[in-house]
Amino acid sequence: MEFDIVKEYCEIIKKKLNMGEYDAALANAGKLLLYSPENADGFYYQGLCHFALGNFEESIKNYKKSIELNPEYAKAYYNLGVTKYYLNKFTEAVNNMETAYKLFQKNQDKPSYTKCLESIEFIKEEQGL
């Protein structure tokens, strides 16, 4: 069995996030990016960490870099939309989530595209868009 350091870092980061250890997760995402500087997952996880820590602008930068590296990264588009929502940028939030919705549909990820559609409908109804 071959050791995959990128996969291992991703697992560590997910565990740290689930335990609420956001600083530790962020540190491990940084280590992942030192090892693999063009890794879309590394930037995505940094985005999640910054969001959890309330650093929304940093979160946005990381999601955008993740999308730049992987234009099909549906979760990055969705979480970029969530972050925009928290910054009261509702139209941008919906646009990002609609892109995520299309990518989730393309990948036949029904639970994710259903959640995405519910989020879009909520924002549109709440904000009268």
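**Figure 1. Length of helix α3 in the predicted model.** Helix α3 covers residues 40-52, which makes 13 residues. At 1.5 Å a residue the helix should span 18 Å, and the C-alpha atoms at its ends lie 19 Å apart, so the two values agree.

**Figure 2. The two ends of α3.** At the start of the helix, a side-chain oxygen of Asn 39 comes to within 2.9 Å of the backbone nitrogen of Asp 41. After α3 comes Gly 54, which has a positive phi, near 85°.

**Figure 3. Buried residues of α3 and the helices they pack against.** The buried residues of α3 are Ala 40, Gly 42, Phe 43, Tyr 44, Tyr 45, Gln 46, Gly 47, Cys 49 and His 50. Their packing partners are α1 (5-18), α2 (22-35), α4 (56-69) and α5.

**Figure 4. Lys 65 over the ring of Phe 43.** Lys 65 is placed over the face of Phe 43, at 6.0 Å from the ring centre. Phe 43 is one of the buried residues of α3.

Figure 5. With neighbours within four places in sequence left aside, Lys 84 contacts Ile 60, Lys 64, Lys 89, Glu 92, Ala 93 and Asn 96.

**Figure 6. The aromatic pair Tyr 85 and Tyr 86.** The structure contains ten aromatic pairs.

**Figure 7. The aromatic pair Tyr 101 and Tyr 113.** The ring centres of Tyr 101 and Tyr 113 are 5.8 Å apart and the planes stand at 90°, so this pair is edge-to-face. Tyr 101 lies in helix α6 (residues 90-106) and Tyr 113 in helix α7 (residues 110-127); the pair links distant parts of the chain, twelve residues apart. Tyr 101 has a relative accessibility of 19% and therefore counts as buried. Tyr 113, at 21%, is partly exposed.

**Figure 8. A cluster of aromatic rings.** Phe 51, Phe 56, Tyr 85, Tyr 86, Phe 90 and Phe 122 are joined into a cluster by ring pairs.

How values were computed: Residues numbered from 1 in each chain as written. Predicted model: local features only at pLDDT ≥ 70, side-chain atom pairs only at ≥ 80, totals over all residues. Heavy atoms only, no water. Phe/Tyr/Trp six-rings, centres within 6.5 Å; stacked < 30°, edge-to-face > 60°. Helix = DSSP H or I, 4+ residues; strand = E, 2+ residues; numbered from the N terminus. Buried < 20%, exposed > 50% of the residue type's maximum accessible area, 1.4 Å probe, protein only. Lys NZ or Arg CZ within 6 Å of the ring centre and 35° of its normal. Contact = heavy atoms within 4.5 Å. Expected span 1.5 Å × (residues − 1). Polar contact = N/O pair within 3.5 Å; in protein donor to acceptor, adjacent residues only side chain to side chain.
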